[in-house]
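Thanks for coming. I will take one model this morning and go through some parts of it in turn.

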Amino acid sequence: MAQDKLLKIHNLHKSYGDLEIFKGLTLSMDRGDRLVIIGPSGGGKSTLLRIVMGLEDIVGGDIYMDGKPYILRDGAKTKIDRKLQARVGMVFQHYTLFPHLDILRNLTLAPVKTRGMSRAEAEEKAMGLLTRFGLDAKARAYPSQLSGGQKQRVAIARALMLDPDLLLFDEVTSALDPELVAEVEAVMMELAEAGMPMMIVTHDMHFARNIASRVVFAAGGVVVEDGPPEQVLDAPQVARTREFVERVFAKKR
Amino acid sequence: MMHFDPMVPFKYWDALLIGLWMSLRLTLICLALGIALGFLTSQARRSRFMPLRALATFYVELFRGTPVLIQLFWIFYCLPLLLGFEPGNFASAVVALTLYAGAITSETFRASLKSIPREQYDTCRALGITGMSLALWVVLPQALLRAIPTLLSNAVALFKESALISAVGMADLMFIGSSISNRTGRPVEMLTAIAVIYFAVAFPLTRIVGRVEARILRRLAV
């Protein structure tokens, strides 16, 4: 089924108590897509990624991956297909490396303990990724000995160990000192060029323009505008998007 | 009035050494058993099974809320009645101090389990690390690491509390020291000597606690 979308989110509803986050959000993504999601803070951008990762219950709607049901609302319960979940990876704002393990073990833990990969094979693969990201010298260091930028690159490498078909980035540079942002964004650009499908939440509009194949402006619980970065960031069609983009770019200057 | 003779305790160094060995042995045994009991209790207190949770909580609160001396006497006099046979002084002392150590240690583990950030669990779910793998490779090592400084402090506390077993006639450092002081009529010299010995063991341990704590905090500052 080549025409099936990599990801299809249909009529998503989500709320925390009385607070409605999504009111029927619909969004789909092709294999070659790098989606950057922008929108007002508190608008649920991170929640959307957490839902796609399978970390949150939903109130209604459904999500398909390659045409197969991935996350559904079934009666009072959220049903998540664990096999499909395993094909999604996520990088978090605060790196969340395992502090008790060295960098190499941070990378090999999941493949060895849950995917049945041999230690030797996992270590070889991990060293390959660390070398690619310029971190091979840190293989035996502990997370606390690394800079924020290095930690975040390790977190990306750790997610790549499981060969995800979709990688989610939740404000991965927000916690970094400004001078460390570039090294993380460079790694993401490299992945983009290698064709990795990504869904990215970021406040960095400049980076969004560079990496996105599509920009999605989400506000008020729905997708307001969805299109190539030249459209959404430079010539938005919807008044609400225009207002948001102008405000964000005005703040930068 | 007698003059202070600092040489008195040295005449009895071999007896004091035997007493110290008893104190150390009891502390180490009860510490090891208490850590195991404490970990199990901390898990029981998180159990979904209400009666188990209630039992564990009752146990912890009882032993944290009553004087150790009373716990000791109670176990020495009541354990034989409950069991129907005399378990022996050493066994009774081990049971009593282990129950005490287990109660304080379970609180240590409870706090360290709570201090593992929620994001660690999210990350594990994103990486497919769940169930036993999550508990064994991520939660337990971090809980233990975070618990180490407090466990060491507990060890020092337990070593000092172990002096109470002299009250039920166990021949530990305190008991032997005070027996000698009674017999020789030299309480000042003997009690000073005992205090110095307890201090000589406990002080380096408390210093180690500080060092280890600093190192672990640095490691966990991610």
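Helices here are DSSP runs of H or I of at least four residues, and strands are runs of E of at least two. By that definition, residues 188-210 of chain B are 100% helix and 0% strand, and the end C-alpha atoms of this span lie 32 Å apart. Keep in mind throughout that this is a predicted model.

That span comes from a record. In an unreviewed entry, UniProt lists residues 20-41, 62-83, 89-105, 126-145 and 188-210 of chain B under "transmembrane region". For residues 20-41 of chain B, the end C-alpha atoms lie 30 Å apart, and this span too is 100% helix and 0% strand.

Next, the contact between the chains. Chain A puts in 21 residues and chain B 20 residues. On the chain A side, β7 and α3 each supply at least two residues. The most comes from α3(A), with 4 residues. By residue type, the chain A side divides into 14 nonpolar, 6 polar and 1 charged.

From chain B, look at helix α6, residues 118-126. Which of its residues are buried? They are T123(B), C124(B) and A126(B). These residues lie on the same side of α6(B), because they cover an arc of only 160° around the axis. What they pack against comes from both chains: α1 (45-53) and β7 (88-91) of chain A, and α7 (131-161) of chain B. Just after α6(B), G128(B) has a positive phi of about 75°.

The partner of β7(A) is β8(A), residues 166-170, paired in the parallel sense over 4 bridges. Within that pairing, V91(A) stands opposite F169(A).

In the loop between β7 and α3 of chain A we find T96(A). Its phi is near 45°, a positive value in a residue other than glycine. Is T96(A) buried or exposed? T96(A) counts as buried, because it has 23 C-beta neighbours inside 10 Å, and the cut-off for buried is 20 or more.

D66(A) also has a positive phi without being glycine, near 50°. This residue is in the loop between β4 (60-65) and β5 (68-74) of chain A. With 16 C-beta neighbours inside 10 Å, D66(A) counts as partly exposed.

Now α4 of chain A, residues 119-132. This helix has 14 residues and reaches 20 Å from its first C-alpha to its last, close to the 20 Å expected at 1.5 Å a residue. Its buried residues are A122(A), A126(A) and L130(A). The arc they cover is only 70° around the axis, which puts them on the same side of α4(A). An α-helix has 3.6 residues a turn, so residues three or four places apart point the same way. The cover over the buried residues of α4(A) includes α3 (103-114) and α5 (148-160) of chain A. On the other side of α4(A), A120(A), E121(A), E124(A) and T131(A) are exposed. Just after the helix, G134(A) takes a positive phi of about 70°.

Last, R242(A), in helix α9 of chain A, residues 239-252. R242(A) counts as partly exposed, with 15 C-beta neighbours inside 10 Å. Its C-alpha is separated by 32 Å from that of G54(A), 188 residues apart along the chain.

Methods. Residues numbered from 1 in each chain as written. Chains lettered and ligands numbered in written order. Predicted model: local features only at pLDDT ≥ 70, side-chain atom pairs only at ≥ 80, totals over all residues. Buried ≥ 20, exposed ≤ 12 C-beta atoms within 10 Å, placed from the backbone. Arc of directions from axis to C-beta. Contact = placed C-beta atoms within 7 Å. UniProt positions renumbered as here; feature names shortened; annotations may be inferred. Pairing = 2+ DSSP bridges. Expected span 1.5 Å × (residues − 1). Nonpolar A, V, L, I, M, F, W, Y, C, P; charged D, E, K, R; others polar.
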